[in-house]
Every structure is written in structure tokens, then in C-alpha cells.
Amino acid sequence: MNRFLVGAAAAAGLGAAALGSVSAQAADLGYGRGAPYTVSQPLNAYSWAGPYLGGTLGYEWGTVGNNPTKPSGLTGGLTAGYNWQNGPWVFGAEGDINLTGANDTFAPWKFSNPWFGTLRGRAGYAFNNILFYGTGGLAFGGLRAETFGLSESHTTVGWTLGAGTEFGLAQNWTAKIEYLYVDLDSSNFVITGAKNDYRFGIVRAGINFHF
């Protein structure tokens, strides 16, 4: 009888060990099929970490200092950035360069903003594949004045602030919509005889590929 009890106990122990081994292998397989994650993220969470490239398309409207013109028009450009993630918190750096068709004419004056760029930090909070963020940093761009067949262009620097929402569409693709306010410093224009600055807002949509 004692030998039977000892044998039954040994068989039960071997069965439990085998079940534990199978369960561990199944758990490993399940995690292996999950989405990419960083060390500080929950397993199988959507990952925002890493470099990305993308493009944007939007609309710009603004005002010129010491002049009644209000340039507006379409804008489009290229974006590059990098994200770091700590749990739901996402931090990053982003730069972009854009061409615009923003211009306006009032009486003999025409002002336009042919191009602009930004270098910004980003900070946001992710609900898995949805990221809400704020952004701000350096801005730079061109302002062009024309009157009576004469033209003059200046490149100035300034600052920008904004906010946006980005959506994870797939493992490597995201889409976003954001607003930026840009303030470019004033320059002395000879043909206007005044200091002219340029302040404008942008609403734009974009798509990014994450490596």
C-alpha cells in the first residue's frame, strides 16, 4: 500500500511538472506574437518608440506686421523625428521643412511666405495606439515683399507652439492632425520702409512611417 501511494505521488508530481512546462511554452509563444514594445511598456502594447519619416499637407493663414496684407494658402512638407517612450508617456524631437502658397495683395503691396521650417520637442500621453501631444520650439522661414515691380526677401527665425493627435494605423504607419502657431521675427524691408514680421497659424494632416 505504501509503495502504491509513493508511486501515485511521483506520477502526480511528474504530471504537474509537464503541465507547467507546456504552460510556460504557451505563454512565451503568445508574447512573441505581440506588437513591438519597449522595456518600460506593458507586453503587447502599441510602441511609439523609434525614428520616423513622413509628410504633411495643410492650410496656413497669417498677418504681416506694419502692413494690411494677410497671406494664406496651402502648405506641404516633409517631417522627420524620433520618439522615446516610458509607459504611456511619449517624448520626442521633430523637424520639418515646408513649401507654401500663402500670399496676399493689398493696394500696391504683395507679401508671401514661400517656405518655413521648425525644430521642435514633443511630449504626449498615449492610450495604446492613440497619442495626444503638445509641441514647441524653433521656427524659421522666408517673407517676401513685392511692389511696383520691385521685390525683397528676408529669412528670419522665431518660435512655434502647437498640439495634435496621432493615431497608430498599423505596426509601422501612423496618421496625425495638428495645429501650429508660428511667430517669425521682424526684418527691415527697404521697399516698405518698415519692420515687417509674420505670424501665422497652420492646420495640417500628416502620415508617418515608423522604422
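**View 1. Tyr-198 and its neighbours.** Setting aside residues up to four places away in sequence, Tyr-198 touches Glu-60, Gly-62, Thr-63, Val-64, Pro-71, Ala-102, Asn-113, Leu-143, Val-182, Asp-183 and Leu-184; contact here means heavy atoms within 4.5 Å. This is a predicted model, in which local features need pLDDT of at least 70 and side-chain atom pairs count only at pLDDT 80 or more, while totals for chains, interfaces and linings use all residues. Residues are numbered from 1 along each chain as its sequence is written, and side-chain values use heavy atoms, with hydrogens and water left out.

**View 2. The whole chain.** The protein chain has 1 helix and 8 strands, and from the N terminus on they run α-β-β-β-β-β-β-β-β. Helices (H or I, at least four residues) and strands (E, at least two) are DSSP runs, numbered from the N terminus. Of the 211 residues, 40% count as buried; buried means under 20% relative accessible area, exposed over 50%, and partly exposed in between (1.4 Å probe, protein chains only). Among contacts with a separation of 6 or more, 59% come from residues 24 or more positions apart.

**View 3. The largest nonpolar core.** This core has 15 residues, of which Phe-111, Val-182, Leu-184, Tyr-198, Phe-200 and Ile-202 touch the most other members. Two or more residues each come from β4 (109–127), β5 (130–147), β7 and β8, and β7 gives the largest share, 4 residues. Apart from it lies another core of 6 residues, including Tyr-46, Trp-48, Ala-126 and Tyr-133. A nonpolar core is a set of buried Ala, Val, Leu, Ile, Met, Phe, Trp, Tyr and Cys residues joined through side-chain atoms within 4.5 Å.

**View 4. Aromatic pairs.** The count comes to 13 aromatic pairs. Rings of Phe, Tyr and Trp (its six-membered ring) pair if their centres lie within 6.5 Å; planes under 30 degrees apart count as stacked, over 60 as edge-to-face and the rest as tilted. Phe-127 and Phe-132 form an edge-to-face pair, 6.1 Å centre to centre with 80° between the planes. Phe-127 is exposed, at 51% relative accessible area, and Phe-132 is partly exposed, at 42%. Tyr-198 and Phe-200 are stacked, 4.8 Å centre to centre with 25° between the planes, and both of these residues are buried. Ring pairs also link Trp-89, Tyr-125, Phe-127 and Phe-132 into a cluster.

**View 5. A nonpolar surface patch.** Here Tyr-59, Trp-61, Leu-74, Phe-167, Leu-169, Trp-173, Ile-177, Tyr-179, Val-203 and Ile-207 make a patch of about 980 Å². β1 (50–64), β7 (173–189) and β8 (194–210) each give two or more residues, with β7 giving the most, 3 residues. Phe-167 sits in strand β6 (residues 150–168) and is partly exposed, with a relative accessible area of 35%. Accessible areas come from the Shrake-Rupley method with a 1.4 Å probe, and for residues only the protein chains shown count as cover.

**View 6. Two loop residues with positive phi.** Ala-107, in the loop between β3 (89–106) and β4, has a positive phi of about 55° although it is not a glycine. Ala-107 is exposed, with a relative accessible area of 62%. Asn-128, in the loop between β4 and β5, also is not a glycine and has a positive phi of about 60°. Asn-128 is partly exposed, at 46% relative accessible area.

Conventions. Patches are made of residues with over 30% relative accessible area and no salt bridge: like charges are joined within 9 Å, nonpolar side chains (Val, Leu, Ile, Met, Phe, Trp, Tyr) within 5 Å. A salt bridge is a side-chain nitrogen of Lys or Arg within 4 Å of a carboxyl oxygen of Asp or Glu.
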